[in-house]
Amino acid sequence: MVQPKPIFYIKDFFFTDFLGLCNLQKQILKLKLKFLNKKYNWLLVLEHKNVYTFGTSTKCSNFFRFSNNKTFKKIQIFKVDRGGKVTFHGPGQLVIYFILDLFLFNYDFNLYLRFLENIIIITLLKNQIFAFRIINKSGIWVRNYNLFYKIGFIGIKIINYITKHGLALNINPDLNIFFSILTCGINNKNYCVTSIEKETEKSRKKTSVKNNIKNELGFFLNFLKI
């Protein structure tokens, strides 16, 4: 049977409450599961208000870097069903949630993961930053001498071959908030967190980076072989 040509809806939400976004994700996923429709797919583009989330691999021992730190006490904490450990979302970080049928990637989880990684890498190249993946470490990284800095984050959940969650890219968030936690379980002085603005030492318009990444998504998704 010939499958229908997929349609992709990309919706901008700007600053979004985390819990409200989670509920929206669940509603869209429920509809896709109910109707088993491979045609319609959603991408939700936004920035969150300050929030810590911890994935299925998080333990209390790898959550907070400093038990007496006052910063985290002001920030909401949510447990989520994505893979990975604890991370921070907030203003200055671009987040994209993907509710896609894995059929688009031949039901290959690793192919989908490479797709997300490449979207971040290409977007960073367009912003004069050379970035890469590291074997056995999640996300996208840049290097400065002997230090490695995480700039792109990926967290995924697959339910009946439908994706949840997605990627995050640091444009110009408050990096100090990341240091209140063991971000993604990083507990090594040679591995840190960075942003586009810090790496380029130039002010960046979030709308410009958002347009870069949406253009790349449009290119890839419009040319999927079905």
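## Aromatic pairs

Rings of Phe, Tyr and Trp (for Trp, its six-membered ring) are taken as a pair if their centres lie within 6.5 Å; planes under 30 degrees apart count as stacked, over 60 as edge-to-face and the rest as tilted. Ring pairs of this kind link F98, F105, Y112, F115, F219 and F220 into a cluster. The structure is a predicted model, in which local features need pLDDT of at least 70 and side-chain atom pairs count only at pLDDT 80 or more, while totals for chains, interfaces and linings use all residues. Residues are numbered from 1 along each chain as its sequence is written, and side-chain values use heavy atoms, with hydrogens and water left out.

A search of the whole structure gives 16 aromatic pairs. In one of them, F88 and F178, the ring centres are 5.3 Å apart and the planes stand at 80 degrees, so the pair is edge-to-face. This pair links distant parts of the chain, with F88 in strand 5 (residues 86-89) and F178 in helix 3 (residues 175-178), 90 residues apart. Helices (H or I, at least four residues) and strands (E, at least two) are DSSP runs, numbered from the N terminus. Both F88 and F178 are buried; buried means under 20% relative accessible area, exposed over 50%, and partly exposed in between (1.4 Å probe, protein chains only).

## A tyrosine pair and a charge over a ring

The rings of Y107 and Y161 have planes at 75 degrees and centres 5.2 Å apart, so this pair is edge-to-face. The two residues come from distant parts of the chain, 54 residues apart: Y107 lies in the loop between strand 6 (93-99) and helix 2 (109-125), and Y161 in the loop between strand 9 (147-159) and strand 10 (162-170). Y107 counts as partly exposed at 38% relative accessibility, and Y161 is partly exposed with a relative accessible area of 48%.

The charged end of K11 sits over the ring of F13, 5.9 Å from the ring centre. For this description, NZ of Lys or CZ of Arg must be within 6 Å of the ring centre and within 35 degrees of the ring normal.

## Nonpolar cores

A nonpolar core is a set of buried Ala, Val, Leu, Ile, Met, Phe, Trp, Tyr and Cys residues joined through side-chain atoms within 4.5 Å. The largest has 36 residues, of which F98, Y112, F115, L124 and L167 touch the most other members. At least two residues of this core are supplied by each of strand 2 (40-48), strand 6, helix 2, strand 8 (137-144), strand 9, strand 10 and helix 5 (206-222). Helix 2 gives the most, with eight residues.

Leaving aside residues up to four places away in sequence, L124 touches I129, A131, I140, I151, L169 and I196, where contact means heavy atoms within 4.5 Å.

## Salt bridges

Six salt bridges are found in a search of the whole structure, each a side-chain nitrogen of Lys or Arg within 4 Å of a carboxyl oxygen of Asp or Glu. One joins the side chains of D12 and K214 (2.7 Å, N to O). D12 is in strand 1 (residues 7-16) and K214 in helix 5, so distant parts of the chain, 202 residues apart, are linked. D12 counts as partly exposed at 23% relative accessibility, and K214 is partly exposed with a relative accessible area of 22%.

R133 forms a salt bridge with E117, the closest N and O atoms being 2.6 Å apart. R133 lies in strand 7 (residues 132-134) and E117 in helix 2, so this bridge ties together parts that are 16 residues apart in sequence. R133 is partly exposed at 35% relative accessibility, whereas E117 is buried with a relative accessible area of 5%.

## The loop between helix 2 and strand 7

K126, in the loop between helix 2 and strand 7, is linked with E216 in helix 5, 90 residues apart; the closest N and O atoms of their salt bridge are 2.7 Å apart. K126 is partly exposed, with a relative accessible area of 47%, whereas E216 is buried at 8%.

Q128 is found in the loop between helix 2 and strand 7 and counts as exposed at 59% relative accessibility. The C-alpha atoms of Q128 and T200 are separated by 7.4 Å, although the two residues are 72 residues apart along the chain.
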